[in-house]
Amino acid sequence: MKRRNIVWFVILMFFFTNLFFLSKANPIYSDEKAEYVLICEDQYLESTKVWTSFLKEGLGKTVSIYLASEIFKSSDPNEIERCKQLKSFIKEIYDSRDVSYILFVGSQFPYMKLYPDGQNSKFLKVPYIYSDLFFSDLTSEWDFDNDGIYGEIEDDRIKFNPEIMIGRLPFSSPREIENYFQRIIDLYTRKRNNNVLFTASFQQFEHAISNELIKEIDNANFCETIIKNIEKSYNCYRLYEASGIQSSKWIHKADGCLSKSSINTYLANINPSIACFNLKGNTKSLVKTYWVKDINKNGLAESEEIKDEIVFDGTSVSEIKNKQTFFFSMQSPSLWQEGADNLSIDVLSNTGAIFGGNSIDVSLIELGNEINFEIFSHWINQVANKIEIGNALNDTISKYYEIYKNTNYDNKLKSISVLYSYLLLEIQCFR
Ligand SMILES: [Ca+2]
Ligand SMILES: [Ca+2]
Ligand SMILES: [Ca+2]
């Protein structure tokens, strides 16, 4: 028998005997310890086979596999109840099995909504944030005041000290899952290059958002500060906004203009290890914003003088041939499951290895861009320094909570909203 067949035979043995582990939910397969846990929707068990074998034989990891039907015993449709069931299962296996990473396989896993500023926030346009920190931080009292509103930074007791790493593979077909696992295995067996692609647009122009005097924000500035930290060991490529009457390209040296075709060309030609998108976005696409014309010739960009143009969306993704990129998006609310079109899922099912970033539209809820950037760039810097992605994220969450926990309420709320919002769609990539 081939080695892979033997592993699968053992998996099936445990399935039938089901005696191996006496916990509430029984694993369908398990090593004695399990650093790496897969929880999969029942119909995808077969599709996880190739990845489980690779984890064990290729990477020497200890592994456990659980079926979702074992964890969500009742058919309670209440999302919070389902989140709590999943959470108590995670806590149970963390305490007994030395788990460091958990992957949810399938699109039906619940998402927890956290309300940093309560249900009726005056500061946040959308009061809740989808967050996996609820699953990875096991010692916080997420609803300390017991009012059914989770993650309130004043009323509840959140520690921002995630013990484990959580990843999601939100696919709904066996083929997508198998293709994805196969792509990641290929990624491990190839030599990776040191190319990083940065794309940036203006976040806002002075006077564009409201009549208040808000200074303009060019996201290229943020990219440049990341580049300063990493460029000795990486080849950094820049695509900055170049059309319009005020353009990043004239301020910073850039390799090309920010457009849909240039992003695709660069992704194809340099096959970057990391692509960092510093653009605006919605669930379906990332856009650049440019100042078309100073119609009233007052030297200020009013909203009617500004245009948005899509530079990255589902159709771009289907054209990308390279399969090795880690995508990070700073300002895209596209990481959660709601909505028919989901850019992050398109990315993962067609191309790159991970998609990480905010699950909120930062521009929409008027979060301080500088704070958001500061936190995001720390994460990217860690990843660029070859710290494993999930660890880098957890480290970023703990560190930036410490920095902001004693600041004024406004800054604390901004930083905590950002820390809540980071989601990681991936399998664990051990760099
Ligand atoms: Ca509460
Ligand atoms: Ca409360
Ligand atoms: Ca004007």
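Modeller: Strand β2 (residues 36-40) pairs with β3 in the parallel sense over 5 bridges; strands here are DSSP E runs of at least two residues, helices are H or I runs of at least four, and both are numbered from the N terminus. Strands count as paired if DSSP finds at least two bridges between them. This is a predicted model, in which local features need pLDDT of at least 70 and side-chain atom pairs count only at pLDDT 80 or more, while totals for chains, interfaces and linings use all residues. Residues are numbered from 1 along each chain as its sequence is written, and chains are lettered from A and ligands numbered from 1 in the order in which they are written.

From β2 the chain passes through helix α2 (residues 49-58) to β3, a right-handed β-α-β crossover; right-handed means that, with the strands pointing away from the viewer, the path from the first strand over the helix to the second runs clockwise. Strand β1 (residues 29-30) is also joined to β3, by 2 bridges, and these two strands run antiparallel. There, Y29 has I65 as its bridge partner in β3.

As for burial, β3 (residues 63-67) is largely enclosed by the rest of the structure, because 5 of its 5 residues are buried. A residue is buried if 20 or more other C-beta atoms, placed from the backbone, lie within 10 Å of its own, exposed if 12 or fewer do, and partly exposed in between. V63, I65 and L67 point one way from β3, S64 and Y66 the other way, and all are buried.

At least three core residues come from each of domain 1 (3-110) and domain 2 (194-425), with bounds from an automatic or database domain assignment. Leaving aside residues up to four places away in sequence, V105 touches L38, I39, C40, E41, Y44, T48, L169 and I177; contact means C-beta atoms, placed from the backbone, within 7 Å.

For the setting, the protein chain has 14 helices and 19 strands, and buried residues make up 46% of its 431 residues.

Notes: Contact = placed C-beta atoms within 7 Å.
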